[in-house]
Structures are given as C-alpha cells and as structure tokens.
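Open the model in your viewer and colour it by secondary structure. The stops below are given in the order in which to select them.

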Amino acid sequence: MAKIAKELKERSFLLLDSLGNLKRTHYAGALRAAHEGQSVVLMGWVAGRRDLGNLIFVDLRDREGIAQIVFNKEAHPTAHWKAEQLRSEYVVAVEGRVMRRGKPNPELASGEVEVVASALHILNTSATPPFVIEDEISASEETRLRYRYLDLRRPQLQNNLALRHKVILEIRRAMDELGFYEVETPMLTRATPEGARDYLVPSRVHPGQFYALPQSPQIFKQILMISGLDRYFQIARCFRDEDLRADRQPDFTQLDVEMSFPTQDDVFGVIEQVMQRAWRVIGADVKIPFRRMLHQDAIRRYGSDKPDLRFGMELADVTPLFEAGRETLKFEGSVFALAAPGGASLSRKQLDELAEKAKSFGARAMYTIKVAPEGITSGLAKTLGEEAVKKIAEAAGAKAGDLVVAVAAQKQIKGTDNAALVAGQMRLHLAEKLRVIPSGQWDFVWLTGFPLFEWSTTEDRWVPAQHPFTGIIEEDLEKLETAPWEVRSKGYDLVLNGVELGSGSVRIHRADVQARLFRAIGLSDEQARSRFGFFLDALTYGTPPHGGIALGLDRTVMLMAGEKSLREVIAFPKTTAAQDLMADAPNTVPQEQLDELSIQVRLKNEE
C-alpha cells in the first residue's frame, strides 16, 4: 500500500480531466475498415505505449478489444504532450479520426485501422499493476485472484464473461419459447441435506435458529409442479459446503428445470433443443437427438459414468483369458484391457511411469502387450501363453503400433469390481498422453438406467445415488426394502466430452412411495417429517407426475470457452480452500454482531 501511495503522490502533478459531457461513440475493439474517415470518441485503459519522438502510439483497451491510437506532435502538440505522461492502465478518453493503417495488424480485430488523435483526456492514473494485463499471463493464480479486478481486464476473461452472458440469454429465450416460466425460489430456506453440507445463516429475530442457503431448488420446484405451474425454469444460484476441485465452487449457477406430466423423452427433448441453441452462440451445430447409453454399459465400455466419446479406446473384459494365471499373477476380481493407438513406441521408462500412474488410480497390477508389424511381445506370454496374449490384443481391438494395457484392481465393498473404473482412468490418461482426443468436437450423451442406491463406505449403508426424490422403476418397488442394490431409478445424467453437465430424474409423486424410500435409507417417520414435513404434506394434495433436471451453467460455459477451470468463467470465484482472496472472505465479525445473533464461537482446537 505504501508503494501505491508513493506512486500516486509522484503523479499528483498531473491535472486530471473531467469527463464532463463527453460521450463515447464506439468501442475501441469494435472499429473496422468500414469506420474509416469517421470522427470517434473512445474510452478505456492504456494497454501499451510506444514513444517514437514526434509520434506516440498507444494501445487503448476496452471490453471489446484494442485499438491503436496515434498522437502526432506536429498536428496536435497538446494531445501529444499529454500522451507523453501516459502509463500502463491509465484511464483515458480519446477524440480523433479513424484512418487506414499503413501496415495492418492481423492479431487485432481492429487491426486494419487506427485512430489519429486530436484530443486526449486523462481521466485517472493507475498504480503499477502486479502483473502485465494480457492473456499470456505468468502471475500465480493466487495473485490473479487477489487482484481479480485487474485479472478481469484481460481479453480472455472479458470474452469468457461475454460468452456466459450470451449463452444464458439464449437459454432464457429458448425456455420461454418452449413454454416455461422463470420463477425465483427462496435463498433463505430450511436445512434439508441433499448429500453435502449446508451453508447456515443465523436468524436474528429467532435466536438459536438458522436458515440454510439452498443446495438446489429441488423441493421448491417440485412444489411448483404441485401448484399447477406445469413448466418452470430458473437460472439458480446454489450453495454447497464441500471440498473444492477445478470443477467445483461453493456457490455456483445452474439451469434448473421441472415439468409436469413428462416422460423421460419429454425432458430430453427440451434440454436437447436448449443445448442446440446455446451451442449456436459459438457457431457450433450440435446434432439432436443426443446419443443414449445405459449406466452399466458406460462403465463396461468406458470405465466411467461420464464417458468421453470423442475417441475410441473402448474397454474389453479379458478376465477369462487371465484365469490360467490368476494364482501366479496374484490378482482378484476382473481384468479390463484397452488398446492405446501408437503406444507401442513408448519406452521402458515411460511404461514404468505408466504403471505407477495405474497404481495411483487404484490398480493392483498393470500388464502391457506391444503390437508391432513383426509380431506381438509381452511378458504375459510366459504365464498365459502366446495364444492367450494374442486373444487379449484382439479383444482390445489392437492394431499394429498399438499398446495394450490391462489392469486388475482389488474388489470394493459389497462385491463391486472397480477394475473397469481404473481402466477408465487409464483410458483418459493415455488418450491425453498420446494426444488422440480431437478438438472442436461435441459428443453429448444421456446416461440412463442408474441404480437407485450406492453403498457409502463412510456411513456403512446404502444411500441414494442421487437425491431422495428420484423416481423408482415401478417393477423394482417390491425390492426397495429387501434388495435395495437391485432397484433401478428413473434418473439420468447429461454428459459432454467426459464432463457431467447435470443430473435429473422423473420424480416420486406419490406420498406413500416417498415415505417408503425415506424408511429405506434409514429415516424414521419422525425424522422424515422433521426434515421434509411440509413437502410430504404437499404430496398428499394431488401431485402430478413430474420430472426435470439441473445443468451446471459454469461447467457448460467452461467447456464452450475451452477452459480447464471454472474459475476462468466466473467473475469472482473462490480458491480451492473456499476463500475469496480479493474480498478477504470468510473473515471474523465483531463480537457485537455475534451477540446480536446469539452466537458464541468456539473453535475445534479450543477446550
């Protein structure tokens, strides 16, 4: 802060101009050859300055991009003198005329023209930024987030936020045309855990009681269907107190949708049209209907419940071909194999590194087969025999030059074999390493046929794979209490290029079935009423069949923008430690405020 104060004091000799009645006529980055000869007024930030004596060139940046400004000492000496005072990130207004550039700059959208300045207005100075404001940035993410207001000036982030705006606008238009009403649901509600921790908000007027910020509008949107609204959507803000990753934030935005009297196909049809229109914003022609795949097939073929379908490398269950060597190789469960295109060229060192990566994914063992034009080579031949090795390569669909990778993994609890899941992670790792994933390709897929329950090792019980309002396949109802692991749900996921965009389902609309499910997951009738009493009551008043979905808008825009992290498409994101470095949040609050809320803070490490 002392450095900034010193810089500002040193520049205090500058007599700053007032904006007065000056009006901007164009955005700098929007200037084109068609504007040649026009008088313009531009406003923005100094992105760069080159002083050549009688001529000074300034790059003026605004949200639409950059335009080159020329200050000529002989033609306009006052403007030239003021331009000599400019430094990076000064805020200025420029009056001038658009002229053709002698040598166009193909890297700028406005590169065919420049503005010959007749007047310069210096509206504000700037301290020296902690990093250069350009897309090729070397600053750490911590520094970028601490000075987010500067980071957001970079063209890449400006473009990402503009894309986000346009996508959401197009989604709203599409939903309106499809007959949906946008309805806002409460931000302050009661705690109804849906699998993650709630963010709690203390009530001042009801001491000792708390609101919760919504993890999703799930119950409210179902109540809107009970209310007869028929078709609802919302660009909803949601909050979950969970560990963060590159694709998670504590507060996030989703497209929330619910419909009355739908089949699964009805929900799919709506979302496919909306996604098709959203992708047109980036000039992509997405074909509909989207592909569909059973959850169990996705696991078997790709080792993932969010398969990336842009490339092949499908898995093959080769367990029978390994049976003869089970005792010698000392593995349990299944063995899944895949063929990595061109992988036969990997060195011994690279294969050793690959084996370590497999272990990090949970593999008990990894085996390789090199397929070369002159023949197949593998250490497995001594144990399984050359014929079995050949059949393994054939099962994986290997061609000359490919590397076959087979993995075995320990069994998980309840007999679930995770060899396919480990092989699925190896599939993605190898695809990235060997660069076989095509760019500019959008492979959507609907996953269906999910099990209703999954086993929780932390809770040592069966828990809902999705939220506890997910519909149940009618013929499986009788298994709800006796064999919950066999019960299929009416849930579905939308996956794009290996990223889960969202989940949904046709819901439970009968009060008796909802009560049975709560009992099946270990909630007594009293506990269910304590958490969901108002909703259970609502179900008894003529609830129509209904269903919907929630799609992550942050993830959607992240993929469209070609980014790897959600933080690149959110204006003010949190770190992986759930901190806002710019605003210094979370932080402590005065004791008077805590007293007013009847709250006493006691840290975990305090006695």
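A residue counts as exposed when its relative accessible area is over 50%, and as buried when that area is under 20%. The model is predicted.

**Stop 1: the loop between H17 and H18.** Select aspartate 584, which sits in the loop between H17 and H18. Is this residue buried or exposed? Its relative accessible area is 54%, so aspartate 584 is exposed. Its phi is near 55 degrees, a positive value in a residue other than glycine. Most residues other than glycine have a negative phi, and most peptide bonds are trans. Now move to proline 586, placed in the loop between helix H17 (553-561) and helix H18 (591-596). The peptide bond that leads from alanine 585 to proline 586 is cis, with omega near 0 degrees.

**Stop 2: the second largest pocket.** Which element gives the most to the lining? Select strand S7 (residues 200-202), which contributes three residues. Coloured by class, the lining shows 16 nonpolar, two polar and three charged residues.

**Stop 3: the loop between H7 and S11.** Select aspartate 285, in the loop between helix H7 (264-280) and strand S11 (291-294). With a relative accessible area of 52%, aspartate 285 is exposed. Its side chain makes a polar contact with the side chain of lysine 287, at 2.8 Å. Proline 289 lies in the loop between H7 and S11 as well, and the peptide bond from isoleucine 288 to proline 289 is cis, with omega near 0 degrees. For scale, draw a C-alpha to C-alpha line from aspartate 285 to leucine 346: the two are 61 residues apart in sequence and 37 Å apart in space.

**Stop 4: aspartate 230.** Go to the loop between helix H6 (218-226) and strand S9 (231-239), where aspartate 230 is placed. Aspartate 230 is not a glycine, yet has a positive phi of about 75 degrees. Its relative accessibility is 35%, so aspartate 230 counts as partly exposed.

**Stop 5: helix H14.** Select residues 419-433, the 15 residues of H14, which reach 21 Å from first C-alpha to last. Its buried residues include Ala419, Val422, Met426, Arg427 and Leu430. Show what covers the buried residues: helix H8 (295-302), helix H11 (348-360) and strand S16 (403-409) are among the elements there. Finish just after H14, where arginine 435 takes a positive phi of about 55 degrees.

Key. Residues are numbered from 1 along each chain as its sequence is written. This is a predicted model: local features need pLDDT of at least 70, side-chain atom pairs count only at pLDDT 80 or more; totals for chains, interfaces and linings use all residues. Side-chain values use heavy atoms; hydrogens and water are left out. Helices (H or I, at least four residues) and strands (E, at least two) are DSSP runs, numbered from the N terminus. Buried means under 20% relative accessible area, exposed over 50%, partly exposed in between (1.4 Å probe, protein chains only). A polar contact is a pair of N or O atoms within 3.5 Å; within protein, one must be able to donate a hydrogen and the other to accept it, and residues adjacent in sequence count only if both atoms are side-chain atoms. Ala, Val, Leu, Ile, Met, Phe, Trp, Tyr, Cys and Pro count as nonpolar, Asp, Glu, Lys and Arg as charged, and the others, Gly among them, as polar. The expected span of a helix is 1.5 Å times one less than its number of residues. Contact means heavy atoms within 4.5 Å.
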